[in-house]
Structure formats: C-alpha cells, structure tokens
Amino acid sequence: MGRARDTATDGERATDEAVTLAAVDAHLASRRRAETPLSCVVDAVLAARPERRPTRVVLECASARSNARDVVAAASAVDLLDARTFVRWVGLPERAPASTDAVLVGDYLHSLAFESLVETSDGVSESLLGAVTAGVSDLYGAESDAASDGRDVPAAARRGVFAIADAVVDALDGGTRGEASR
C-alpha cells in the first residue's frame, strides 16, 4: 500500500500529468448523457477535490507498456471512488456526510466507477476489474471496522482508496488483456 502515499509528484511529471488528467476528465464527462441536477452535484464534488492524489498515483505509476485506454479507465474509476469517499465522509456542500443526499450521491459515484471500467467496446483487463472489485470490498470493510472500533473512519477510507490505486497500478502493469465479464 505504500507506493500510493509515498509517491511524490515532480515538476516535470506534473506537466505530462495535467494532459493525462485532462484525458480522465474527458472520459468522466463522456459518462454523462445529459446535464441533470445529479450530474451538476457530481461536477461540484469532483471540483472540490483539486489534489486528486490517488488518481495522480495511478497516472504516475502505471508503466509505459500499459494500455492507455485501460489507464484512463482505471484512473477514472479511482477518481470516482475517491470522490465517493469524499462525499460519504466529508459530505456534499451544505449537507452532512450522513445525509441521505450524500449517501445516494456516494452510491452513484460508486456505480459510475464500475461503469468507467466495464462499459467500453473492447473490455478491460480481468485483473484490473478484479483489483477494483476486491479493493472496494476492502474499502467498505475498513470503513465498517473503523466505525465499530471508534477509529477515524475518513482516514481509514482514504487509506482504502490509496490501496485501490496501488492494486490498480499492479493490475495495469501485470494484467493480461481479456474480455471483461458483464
């Protein structure tokens, strides 16, 4: 899990990364069919996290031999899961984290994360899809364990998102191409 939290962004890479983040943003924008009140809320949530550190980790650490479409889809999924964690534990603007709106938007972001991986014409690596699925299961378990033990749930959730970013990078670097099961 250390790679995601320990990776520093250097100035030269930041320039390349901005272009790649733009590709992630374009991919996320393509997921929306029309501007709706919910899409406006999602845009506000995504804009509220300018650092996007877990997403940047995926973009920085994926090897040059990784399929570019898989990298963008994976980084988009991590970005959406990070946004889900933000909404769930920080809340929406002017709404508490536990509000029904925050929970529903978090669930929607979770769904969009998986859509970014599986709703493509050529599928994604099975190992990539497996890494995200297992990571989400671990993330939800860590949140539940932290809540029941009285620990800092947002910190546990944040570590879970970084663990997903690490698993995604590993899957991108070692995964084999295959038809994703739908």
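Hi everyone, let's start with a pair of helices. Helix 7, residues 126–149, and helix 8, residues 153–174, pack at an angle of about 165°, and their axes are 8 Å apart. Please keep in mind throughout that this is a predicted model.

How are helix 7 and helix 8 oriented to each other? Angles over 145 degrees count as roughly antiparallel, and helix 7 and helix 8 are therefore roughly antiparallel to each other. The crossing of helix 7 past helix 8 is right-handed.

Now for the residues in that contact. On the helix 7 side they include Leu 128, Val 132, Gly 135, Val 136 and Leu 139. On the helix 8 side, among them are Val 153, Gly 160, Val 161, Ile 164 and Leu 172. By class, this contact has 17 nonpolar residues, three polar and one charged.

Let's move to another pair. Helix 3, residues 37–47, and helix 6, residues 100–118, have axes that come within 11 Å and cross at roughly 85°. Helix 3 and helix 6 are therefore roughly perpendicular to each other. Helix 3 brings Leu 38, Val 41, Val 42 and Val 45 to the contact, while helix 6 brings Val 105, Tyr 108 and Leu 109. Those residues divide into seven nonpolar, no polar and no charged.

On to the empty space. Rolling a probe the size of a water molecule over the atoms shows where empty space is left.

How many cavities of 30 Å³ or more are there? The count comes to one, and the volume of the largest cavity is about 40 Å³. Its lining is made by Leu 28, Arg 31, Arg 32, Val 42, Leu 46, Leu 80 and Leu 112. Sorted by class, the cavity lining has five nonpolar residues, no polar ones and two charged ones.

Last stop, the largest pocket, with a volume of about 160 Å³. Its lining consists of Arg 49, Glu 51, Arg 52, Asp 82, Thr 85, Phe 86, Trp 89, Val 90, Pro 154, Ala 157 and Arg 158. Which elements give two or more residues to that lining? They are helix 5, residues 68–90, and helix 8. Helix 5 provides the largest share, five residues. Ala 157 links back to our opening, as part of the helix 7 and helix 8 contact.

How values were computed: Residues numbered from 1 in each chain as written. Predicted model: local features only at pLDDT ≥ 70, side-chain atom pairs only at ≥ 80, totals over all residues. Heavy atoms only, no water. Axes fitted to C-alpha atoms, helices over the stretch in contact; angles between N-to-C directions. Helix = DSSP H or I, 4+ residues; strand = E, 2+ residues; numbered from the N terminus. Parallel < 35°, antiparallel > 145°, perpendicular 65-115°, else oblique. Contact = heavy atoms within 4.5 Å. Nonpolar A, V, L, I, M, F, W, Y, C, P; charged D, E, K, R; others polar. 1 Å grid on protein atoms, 1.4 Å probe; cavity = no way out; pocket = protein on both sides within 12 Å on 5 of 7 lines; lining within 4 Å. Points joined across faces, edges and corners; volume = space filled by probe spheres on them. Left-handed = near helix turned anticlockwise from the far one by under 90°.
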